[in-house]
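Me: I would like to go through this structure with you, one topic at a time. Could we start with the ligand?

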Amino acid sequence: MIPYLPLKEINAQYQQQTDEALRRVTERGWYIMGEECAAFEKEYAAYTGTRHCIGCGNGYDALWLILNGYKQIGKLSDGDKILVPANTFIASVLAITHNNLQPVFVDPSPVSYLAGEKEMLAAVGDDTKAVLLVHLYGQDSYGDTLASVCRERGILIIEDNAQAHGALHNNQRTGSLGNAAAHSFYPGKNLGAMGDGGAITTDDTELAETIYTLHNYGSREKYHHIHCGVNSRLDEFQAAVLRIKLQNLDKDNNQRRSAARELIAGINNPLVTSPYISDYHSHVFHIFPLITPLRDKLRQHLATAGIETQIHYPVPPHKQQCYRAYSHLHLPIAEQLAQQELSLPCHPLLSNEEIDRIVTAVNSFTGE
Ligand SMILES: *Cc1c(COP(=O)(O)O)cnc(C)c1O
């Protein structure tokens, strides 16, 4: 069996270092907002190329904290419209609606599957207050023209960088391109913790200070609360694990890229479309998406060949039961991707032999 993502094996590479980290944390006896978290925040800010990094509980909270932080400092208000890709993971949308803001769904490109510069520019209106760019599947979706239009009109650019740690736009990391960025360290992400974790990066000192307060019950001074905040903190053990794995992130991403290149070079079947690679937008292949109108049959064919796959995502947010209010919307590309996307294994430990087996299995698919 070729697993979709052998997380246990991936993390076993760091067994000795994570054992030492757990010991370090337990010996110190300080579990939350301590040395490991402060050190990780510093190292991840330096890696991303931003002035500030604030660790938090998960990627959803990172998104929620950015939007709520902008409300606290008066840059967003109830009901403001936020552009968001129609084919993103639901967390991006929940962070908007849970802040009493309005999502405006933007259908992605049928080629890159991203709602990037072109799609967002076409959707910008007089009442757009922010653009939530999602670097979906690990591909940079930023654009310099979009950025200058947003700057002129006072529209915020927020990045959902949950799937694209380490991707580049020219020579800058995703997560440092917009006004603020949310990162998830869910175990399966390119930079994954051994539990939940997340972070916010930004150069905006006022926003960073507000989020720092918000993520700890709205308090700077114990038992004195400036904002109605939440509890969303990155614990010391997760921070220690992330510090260890951050050192390997570029190497891991290069291995993902090389696995993806070989899969793309090998796959040759008129029934399936391989992921698009742009000359201008770097890709760290968090997900390797194949598109085929016979998705469920291909998934079965690969399972029979001992290859585990996943679907990202089978139901777009506007068609979810919880978002009945948006079910009348017609977003044809997002809806088509939900029917046709199939994710192949693509991770740093994928061997050449496994790649060959996957390519052979995809190429032998006849649609039966
Ligand atoms: C994983 C993910 C999130 C949410 O991150 P969690 O840490 O699971 O809360 C948000 N947006 C996107 C695009 C994601 O892939």
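**Ligand contacts and helix packing**

Reply: In this predicted model, a polar side-chain atom of Lys189 is placed 2.8 Å from an oxygen atom of the ligand.

Me: Which residues come nearest to the ligand?

Reply: There are 15 residues around the ligand, and the nearest of them are Gly59, Asp160, Gln163, Ser184 and Lys189.

Me: What does the side chain of Gln163 have at 2.8 Å?

Reply: An oxygen atom of the ligand lies 2.8 Å from a polar side-chain atom of Gln163.

Me: And which ligand atom is 2.8 Å from the side chain of Asp160?

Reply: That is a nitrogen atom, 2.8 Å from an N or O atom in the Asp160 side chain.

Me: Let us move to the helices. At what angle do α4 and α8 cross?

Reply: Helix α4 (residues 59-72) and helix α8 (residues 205-214) cross at roughly 115°, and their axes come within 9 Å. The two helices are therefore roughly perpendicular to each other. The crossing of α4 past α8 is right-handed.

Me: Which residues make that contact?

Reply: From α4 they are Leu65, Ile66, Asn68, Gly69, Tyr70 and Gln72, and from α8 they are Leu207, Thr210, Ile211 and Leu214. By type, this contact of α4 with α8 has 6 nonpolar residues, 4 polar ones and no charged ones.

Me: Now α2 and α9: is their crossing left-handed or right-handed?

Reply: Helices α2 and α9 make a right-handed crossing. The axes of α2 (residues 15-28) and α9 (residues 236-246) come within 9 Å and cross at roughly 145°.

Me: What residues does α2 bring to the contact, and what does α9 bring?

Reply: Helix α2 brings Gln17, Thr18, Ala21, Leu22, Arg24, Val25 and Arg28, while α9 brings Glu236, Phe237, Ala240, Val241, Arg243 and Ile244. The contact of α2 with α9 divides into 7 nonpolar, 2 polar and 4 charged residues.

Me: Turning to the backbone, is the peptide bond from His312 to Tyr313 cis or trans?

Reply: The bond from His312 to Tyr313 is cis, with omega near 5°. Tyr313 belongs to the loop between α11 (295-304) and α12 (332-340).

Me: What is the phi of Asn170, and where does Asn170 lie?

Reply: Asn170 is not a glycine, yet its phi is positive, at about 50°. Asn170 sits in the loop between β6 (168-169) and β7 (172-173).

Note on methods
Residues are numbered from 1 along each chain as its sequence is written. This is a predicted model: local features need pLDDT of at least 70, side-chain atom pairs count only at pLDDT 80 or more; totals for chains, interfaces and linings use all residues. Side-chain values use heavy atoms; hydrogens and water are left out. Axes are lines fitted to C-alpha atoms, for helices over the stretch in contact, and angles run from 0 to 180 degrees between N-to-C directions. Helices (H or I, at least four residues) and strands (E, at least two) are DSSP runs, numbered from the N terminus. Angles under 35 degrees count as roughly parallel, over 145 as roughly antiparallel, 65 to 115 as roughly perpendicular and the rest as oblique. A crossing is left-handed if the near helix is turned anticlockwise from the far one by less than a right angle, and right-handed if clockwise. Contact means heavy atoms within 4.5 Å. Ala, Val, Leu, Ile, Met, Phe, Trp, Tyr, Cys and Pro count as nonpolar, Asp, Glu, Lys and Arg as charged, and the others, Gly among them, as polar. A residue is near a molecule or strand if one of its heavy atoms lies within 4 Å of it. A polar contact is a pair of N or O atoms within 3.5 Å; within protein, one must be able to donate a hydrogen and the other to accept it, and residues adjacent in sequence count only if both atoms are side-chain atoms.
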